[in-house]
Amino acid sequence: ADAVTRDIELSHAKDIQQRLLPRNIPNLKGFEFHQIYKSAKEVGGDYYDIMKVDDANIALLVADVSGKGIPGSMVMAETRTILRIIRKNVLSTKKIMSAANGYLAEDIKPGMFVTMMYCILNLENKTMLVSSAGHNPLMIQRASGEFIKMNPKGIALGFDKGPIFN
């Protein structure tokens, strides 16, 4: 009975996590976005999002919580909530990352951390600000087919409560 209950709870957790990911990627003139998501386990700490910042800017992000399974998915959900609350009208990737780190560093279990690539794309002038918290490089493909690799330096969220991270 315990195994059946656990399987049902994991199935519910997987459904909840899927609902926390973007359901629709916006169709923005001059840009093309694609998404693929496959969790290593039933639930995990992988996260991506596309969010409106203001009328001219959107935030794009990819993040990964250290550790997998239920603990990783819980930290992922907290990270998503923090970012969705603090993103509005903030056009500085540094301010967003510093604020998110401040909140996560207070709550995260020692030894856990979140890597993230956070970008703010200006739709009018087609510029993008990028900050990294120890995440894998960002690859952008131009219309010409050329790939641009961006790999800003940074440490993961949650390691430090502020001075070093900032």
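Mentor: Let us begin with contact, which means heavy atoms within 4.5 Å. I58 touches L28, F33, I50, M51, K52, V53, C119, I120, L121 and L123, leaving aside residues up to four places away in sequence. This is a predicted model, in which local features need pLDDT of at least 70 and side-chain atom pairs count only at pLDDT 80 or more, while totals for chains, interfaces and linings use all residues. Residues are numbered from 1 along each chain as its sequence is written, and side-chain values use heavy atoms, with hydrogens and water left out.

Trainee: Why is I58 called buried?

Mentor: Buried means under 20% relative accessible area, exposed means over 50%, and partly exposed is in between, with a 1.4 Å probe and protein chains only. I58 has 8% relative accessibility, so I58 counts as buried. The residue is in strand β2, where strands (E, at least two residues) and helices (H or I, at least four) are DSSP runs numbered from the N terminus.

Trainee: What makes a set of residues a nonpolar core?

Mentor: The members are buried Ala, Val, Leu, Ile, Met, Phe, Trp, Tyr and Cys residues, joined through side-chain atoms within 4.5 Å. The largest such core has 29 residues, of which L61, L83, V114, M116, Y118 and L157 touch the most other members. At least two residues each are supplied by β1 (46–54), β2 (57–65), α2 (69–86), α3 (93–107) and β3 (114–122), and α2 gives the largest share, five residues. A second, separate core of nine residues includes L28, I58, C119 and L121.

Trainee: How do you know that D49 and R84 form a salt bridge?

Mentor: The rule asks for a side-chain nitrogen of Lys or Arg within 4 Å of a carboxyl oxygen of Asp or Glu. For D49 and R84 the N to O distance is 2.8 Å, and by this rule the count comes to three salt bridges. Because D49 lies in strand β1 and R84 in helix α2, the pair ties together parts that are 35 residues apart in sequence. D49, at 3% relative accessibility, counts as buried, whereas R84, at 28%, counts as partly exposed.

Trainee: What is the distance between the closest N and O atoms of K52 and D55, and how is each residue classed?

Mentor: The closest N and O atoms of K52 and D55 are 3.0 Å apart, and the pair forms a salt bridge. K52 has a relative accessible area of 49% and is therefore partly exposed, while D55, at 70%, counts as exposed.

Trainee: Why is the pair F31 and F33 called stacked?

Mentor: Rings of Phe, Tyr and Trp (its six-membered ring) pair if their centres lie within 6.5 Å, and planes under 30 degrees apart count as stacked, over 60 as edge-to-face and the rest as tilted. By this rule the count comes to two aromatic pairs. F31 and F33 lie 6.3 Å centre to centre with 20 degrees between the planes, and form a stacked pair. F33 counts as partly exposed, at 25% relative accessibility.

Trainee: How do you know that I164 is exposed?

Mentor: I164 has a relative accessible area of 66%, and is therefore exposed. The residue is in the segment after β6 (147–150).
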